[in-house]
Amino acid sequence: MPTIELERTLVKSPPELWDEIASEEALRQWLGEVSVSRLDPPSRIEWSSQGVRGVIELEASGWGTRVRAQAQTSAGGGFWERFKPPPDDRRLERELEALLDGLGSSTLRKT
């Protein structure tokens with residue numbers, strides 16, 4: 001099962017980032033159709049999508065927040081899983097990078 005891990009430190013507080021990301025609607029902006037399976041406010045979000053599961057962690061760090069995004073694609077063990085196309089790891093990595101870039105943007109707030 002390939003794993004993609006990205007980390008950045010953003011100049012925003014953990015509660016501010018949490019408010020921007022802690023919902024399925026917010027994650028869908030970058031990751032497409034996802035389901036949030038667990039929220040541990042204000043520091044951890046577990047999510048899944050077809051063939052992918054991931055975790056986003058927020059941790060206070062100096063003047064900002066360290067954001068860790070991790071996604072793991074499944075190898076597909078069931079009979080029908082063999083007929084589905086495998087998740088595109090490079091596309092997933094680009095989506096996670098876009099997520100972190102978007103969180104670092106000062107224009108992310110909805111009006």
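Modeller: Start with Glu20, which counts as buried at 10% relative accessibility; buried means under 20% relative accessible area, exposed over 50%, and partly exposed in between, with a 1.4 Å probe and protein chains only.

Biologist: Which residue does Glu20 form a salt bridge with?

Modeller: Its partner is Lys12, and the closest N and O atoms are 3.3 Å apart. A salt bridge here is a side-chain nitrogen of Lys or Arg within 4 Å of a carboxyl oxygen of Asp or Glu. Lys12 is buried too, with a relative accessible area of 10%.

Biologist: Before I go on, what am I looking at?

Modeller: This is a predicted model, where local features need pLDDT of at least 70 and side-chain atom pairs count only at pLDDT 80 or more, while totals for chains, interfaces and linings use all residues. Residues are numbered from 1 along each chain as its sequence is written, and side-chain values use heavy atoms, leaving out hydrogens and water.

Biologist: How many helices and strands are in the protein chain?

Modeller: There are three helices and five strands, in the order β-α-α-β-β-β-β-α along the sequence. Helices (H or I, at least four residues) and strands (E, at least two) are DSSP runs, numbered from the N terminus.

Biologist: Back to charges. What does Arg44 pair with?

Modeller: Arg44 forms a salt bridge with Glu57, the closest N and O atoms being 2.6 Å apart. Arg44 is in strand S3 and Glu57 in strand S4, so the pair ties together parts 13 residues apart in sequence. Both are partly exposed, Arg44 at 25% relative accessible area and Glu57 at 27%.

Biologist: And Glu59?

Modeller: Glu59 forms a salt bridge with Arg68, with 3.0 Å between the closest N and O atoms. Salt bridges that share partners join Glu7, Arg44, Glu46, Glu57, Glu59, Arg66 and Arg68 into one network.

Biologist: New topic. How many residues does the largest nonpolar core have?

Modeller: It has 24 residues, and those with the most contacts inside it include Leu27, Trp47 and Leu99. A nonpolar core is a set of buried Ala, Val, Leu, Ile, Met, Phe, Trp, Tyr and Cys residues joined through side-chain atoms within 4.5 Å. The largest share of this core, five residues, comes from H3.

Biologist: What is Leu99 in contact with?

Modeller: Leaving aside neighbours within four places in sequence, Leu99 is in contact with Ile21, Leu27, Trp30 and Ile56. Contact means heavy atoms within 4.5 Å.

Biologist: Where is the cis peptide bond?

Modeller: The bond from Pro41 to Pro42 is cis, with omega near -10°. Pro42 is in the loop between strand S2 (35-40) and S3.
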